[in-house]
Amino acid sequence: MAWWWQALIGLAVGLLVIWAALLVALMVAKPGTAQLKEALRLLPDLLRLLKRLAGDRTLPRGVRIRLGLLLAYLAVPFDVVPDFIPVLGYADDAIIVTLVLRSTVRRAGLDAVRRHWPGSDDGFAALSRLTGLR
């Protein structure tokens, strides 16, 4: 068997293992319904925030690339966990958004996120609470 077939099979198996691990983690740490409802209410403001942050030339390039990739991931119709699966379908998106926002705050600071937040102060407080931003 050619080396590239072995690499391709290894990559496919690795992705399958990562997907299965994420699915198990989501099942174990399943977010509450109240948290998901609150997160869904923030979605329009969150998408505007991500777009504004990705377009801010004062932020480090790595942060903007991550945010652009996150926007692309959210726009793609297929997910790690399909959205038609109750609760878990949207939880994977929420987890990925949380991880990217936390990394953005670590690199660019909370002030940059706050400066670009298009919603209300209560909405930003909810976003901070849901994502653990401090």
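The questions and answers below go through this model.

Modeller: This is a predicted model, in which local features need pLDDT of at least 70, side-chain atom pairs count only at pLDDT 80 or more, and totals for chains, interfaces and linings use all residues. Residues are numbered from 1 along each chain as its sequence is written, and side-chain values use heavy atoms, with hydrogens and water left out.

Colleague: Which element of the protein chain has the highest mean pLDDT?

Modeller: pLDDT is the predictor's confidence in each residue, from 0 to 100. The protein chain averages 79, and 81% of its residues score at least 70. Helices here are DSSP runs (H or I, at least four residues), numbered from the N terminus. Helix α1 (residues 3-28) has the lowest mean, 74, and the highest, 90, belongs to α5.

Colleague: Which residues of α3 are buried?

Modeller: Buried means under 20% relative accessible area, exposed means over 50%, and partly exposed lies in between (1.4 Å probe, protein chains only). In α3 the buried residues are Val 63, Arg 64, Leu 67, Leu 70 and Tyr 73.

Colleague: What does Leu 127 contact beyond its neighbours within four places in sequence?

Modeller: Contact means heavy atoms within 4.5 Å. With those neighbours left aside, the partners of Leu 127 are Leu 42, Leu 46, Leu 49, Leu 101 and Trp 117.

Colleague: How far apart are the closest N and O atoms of Asp 45 and Arg 48?

Modeller: A salt bridge is a side-chain nitrogen of Lys or Arg within 4 Å of a carboxyl oxygen of Asp or Glu, and the structure holds 3 of them. Asp 45 and Arg 48 both lie in helix α2, 3 residues apart, about one turn of the helix. Asp 45 is buried because its relative accessibility is 17%, while Arg 48 is partly exposed at 40%. The closest N and O atoms of this salt bridge are separated by 2.2 Å.

Colleague: Is Arg 115 buried or exposed?

Modeller: Arg 115 and Asp 56 meet in a salt bridge through their side chains (3.4 Å, N to O). This pair links distant parts of the chain, 59 residues apart, with Asp 56 in the loop between α2 and α3 and Arg 115 in helix α5. Asp 56 is buried, with a relative accessible area of 10%. Arg 115 has a relative accessible area of 52%, so it counts as exposed.

Colleague: Which residues does Arg 102 touch, not counting residues up to four places away in sequence?

Modeller: Arg 102 is in helix α4 (residues 88-108) and counts as partly exposed because its relative accessibility is 36%. Not counting residues up to four places away in sequence, Arg 102 touches Thr 131, Gly 132 and Leu 133.

Notes
Helices (H or I, at least four residues) and strands (E, at least two) are DSSP runs, numbered from the N terminus.
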